[in-house]
Amino acid sequence: MTTPSPPPVLIDAHHHLWDLAQRPQPWLDDPALASIRRRFTPDDLRATATRTVAGRRLHRTVAVQCVPEVPETEDLLALAAQEPLIGAVVGWVDLRSAAVGDELDRLLAGPGGSYLRSLRSLVQGEPDPHWLQRADVERGLAAIEERGLGYDVLVRSHQLDQAVRLAERFPGLPQVLDHAGKPDIAGGELGEWEHRLRRLARHPQVVCKVSGLITEADHQAWTVADIRPVWDVLLSAFGPDRLMFGSDWPVANLAGGWNRWAATVDVLIEGCSADETSAILAGTASAFYHLTRTEETR
């Protein structure tokens with residue numbers, strides 16, 4: 001008897017969770033973010049993410065840090081150990097600390113530590129145009145690489161040169177560009193972004209999240225046509241085997257939400273083959289975040 005193949009799955013490679021009563025999120029004090037200034041849990045995500053993409057339903061997710069505090073990472077790791085939906089965590093440590101290696105080892109050995117697969121720094125808010133090239137930061141990045149972890153690169157379009165230099169200097173460190181480097185979709189200024197992004201894509205250890213794009217567009221008026229030029233560049237520069245779907249929920253709620261973004265991705269991938277679709281919706285994220293480990297340990 002032939003064993004049936006498992007159903008194709010959908011992985012959301014980028015979402016957030018927070019409980020403001022347990023841990024404040026100061027960035028949510030911005031009045032423009034009032035609609036998402038409340039608690040968001042895995043159950044909320046399950047209730048929200050009801051749409052399929054290419055016939056696939058949400059199967060596993062990657063929870064990503066929001067604030068530069070180790071206790072938040074500890075919270076996410078402990079939650080991942082209990083929550084079947086979460087397959088990996090992107091955490092935070094102070095890369096500038098001389099004790100960064102010890103901190104990483106402590107997190108990896110702690111509750112849920114096996115779910116720590118990548119680290120992220122909030123580079124988008126750093127005024128130093130060479131922050132990723134600081135000697136102390138590079139020491140921290142080397143510690144990440146030594147432990148077999150990845151690095152989520154959070155930069156804005158004008159900071160992509162930093163990401164290029166990072167890729168040049170750390171060819172052995174798996175890197176994923178969050179939110180495609182935040183192109184200025186609302187302003188329509190994509191030329192410099194495309195130039196820098198294509199330079200970054202030449203480095204094979206770098207992959208890219210198709211996420212966070214609708215919040216870079218006009219929150220109220222964007223259409224698929226506004227997103228398509230960015231998608232076309234990403235597909236051309238990285239190829240489907242180096243792209244991964246992410247929602248950036250609940251931040252995505254500011255511009256339409258999880259299901260509307262999923263519907264948009266469904267349209268964008270219409271010309272992709274079955275193998276290409278599988279890579280974008282699950283394969284790239286599974287490989288980068290080692291999600292098969294999760295299936296083995298649950």
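Okay, some ground rules. We're looking at a predicted model, where local features need pLDDT of at least 70, side-chain atom pairs count only at pLDDT 80 or more, and totals for chains, interfaces and linings use all residues. Residues are numbered from 1 along each chain as its sequence is written, and side-chain values use heavy atoms, with hydrogens and water left out.

Let's start with the rings. There are 5 aromatic pairs in here, a pair being rings of Phe, Tyr or Trp (its six-membered ring) with centres within 6.5 Å; planes under 30 degrees apart are stacked, over 60 edge-to-face, and the rest tilted. Take Phe245 and Trp258: they sit edge-to-face, 5.9 Å centre to centre with 80° between the planes. Phe245 belongs to strand E8 (residues 243–245) and Trp258 to helix H8 (residues 258–268), so this pair ties together parts that are 13 residues apart in sequence.

Buried means under 20% relative accessible area, exposed over 50%, and partly exposed in between, with a 1.4 Å probe and protein chains only.

Next, Phe288 and Tyr289 make an edge-to-face pair, 4.9 Å between centres and 80° between planes, and both residues are buried. Then there's one aromatic cluster made of Trp18, Trp27, Phe40 and Trp249.

A pocket is an open set of points on a 1 Å grid over the protein atoms alone, where a 1.4 Å probe fits, with protein on both sides within 12 Å along at least five of seven lines; lining residues have an atom within 4 Å of a point.

The largest pocket holds about 590 Å³ of space, volume being the space filled by probe spheres set on the points, which are joined across faces, edges and corners. It has 25 lining residues, with Trp27, Gln124, Arg156, Lys182 and Val251 nearest its centre.

The second largest pocket comes in at about 280 Å³. Of its 14 lining residues, Trp18, Asp19, Gln22, Asp75 and Leu79 lie nearest the centre. Which helix gives the most to that lining? Helix H2 (residues 70–82), with 4 residues.

Technical notes:
Helices (H or I, at least four residues) and strands (E, at least two) are DSSP runs, numbered from the N terminus.
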